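Grab a pencil and have a look at the structure below. Work through each exercise yourself, then compare with the solution.

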Amino acid sequence: MDVFIDIQKHNPRGNLDQSIPDVLDVMTLLSLPDHLRKTAVTLCKLGQATAEEVAEQTKRARAVESGYLNQLMLMGYVKKERKGRKAYFYVEKEEKE
Amino acid sequence: MGKIIAFHSYKGGTGKTLLSINLAATYAKRGKSVCLFDLDFRAPSLHAAFATDGVGCWLNEYLNGTCDIKKVLIDLSGQHGNGGKFYTGLANPTTEAIRDMSAKDRKWEMRALGRLLSLKNSLLNDMHLDYLIFDTSPGLQYSSINAIVSADVVLVVTSLDTSDIKGTQRMTQELYDLFEKKTGILLNKVPAEMLTSESQKKNLYKKLNNIHTLPILEIIPCFCDILRAGGTQIFAEEQPDHPFTKTLEKIATKIENF
């Protein structure tokens, strides 16, 4: 239920399509609920990370972070990529300049 | 590992730039490696405080992703090191650059946040700097919130002005608390007659602790000679026995143990 409310709040059109990303800027970070903000800020700091790596920083359980990261992904703020058995989350791929 | 310190305030003119320059000078005097960044892109001011032989790249260009951070750094250790390393990174003060920075979109701001966050790796880890000090824009600006999110310690400079107190209270609840940063208040420009005795000082601390939920790191008196100098002197370097310099020493030590 909480997940649903969060998604509705941040995605009023109910669009869960991962291909339409929203922007995870500081104003968005401010509007997120506390538990998701912590995860999102940590991911911003790490750049690209697994749920385990985020959990090491936030001192919360890996399964909890995995749930929050997937929530953020459904909201369109983060993306997920699988490399072998690991799932990596990121806000934006680093561009080669 | 080093620390990123952001100076912020609700209102302008509270003394962020003066305090950030003097805190950087205080750490340099202690043999630390510091870099002072001008993140006030709406009203850049650090370029006026330091004499430089030209700028390789402005901080604006680094945030645009068109320049490496190493080209932004200006080494002022010769003039301001006093035993440590003193670098600065300047914001472009031209009207065109200010206009350009105020027209950035949310995606740009998101990337700018990523670039500020990556300074921790490039400057604190790789270059082994001890402190990065961010002088930010007042109020709720993208650039200042980006700086707050990137910082380890946030120093909120406030005055006794009622609107400043109310604004700072609001920002505490709606900004600083949300990002769970180590945040402290510096009450600046306090009239000297309010601090003539220890009991007066104690009462003021008590009053402030009832107003603010954040810790009061220091009360800084208003010094007429600092106002008279008009930003042409770095007191922490040039006047080691001045009470302002002594206050900065106390603040620097408190942040080291914060």
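**Exercise 1.** Work out how helix α11 (residues 198-211) of chain B compares with its expected span.

Step 1: α11 of chain B has 14 residues. Helices here are DSSP runs of H or I with at least four residues, strands are runs of E with at least two, and both are numbered from the N terminus.
Step 2: The expected span is 1.5 Å times one less than the number of residues, which comes to 20 Å for this helix.
Step 3: From first C-alpha to last, α11(B) reaches 20 Å, so close to what's expected.

A quick note on the model: it is predicted, so local features need pLDDT of at least 70 and side-chain atom pairs 80 or more, while totals for chains, interfaces and linings use all residues. Residues are numbered from 1 along each chain as its sequence is written, and chains are lettered from A, ligands numbered from 1, in the order written.

**Exercise 2.** Find how many residues of α11(B) are buried.

Step 1: Buried means 20 or more other C-beta atoms, placed from the backbone, within 10 Å of the residue's own.
Step 2: The count for α11(B) is zero, making this helix hardly covered.

**Exercise 3.** Describe the side of chain B that touches chain A.

Step 1: 14 residues of chain B are in contact (C-beta atoms, placed from the backbone, within 7 Å) with 11 residues of chain A.
Step 2: α7 (106-117) and α9 (142-150) of chain B each give two or more residues, and α7(B) gives the most, with seven.

Key:
A residue is buried if 20 or more other C-beta atoms lie within 10 Å of its own, exposed if 12 or fewer, and partly exposed in between; C-beta atoms are placed from the backbone. Two residues are in contact if their C-beta atoms, placed from the backbone, lie within 7 Å. Ala, Val, Leu, Ile, Met, Phe, Trp, Tyr, Cys and Pro count as nonpolar, Asp, Glu, Lys and Arg as charged, and the others, Gly among them, as polar.
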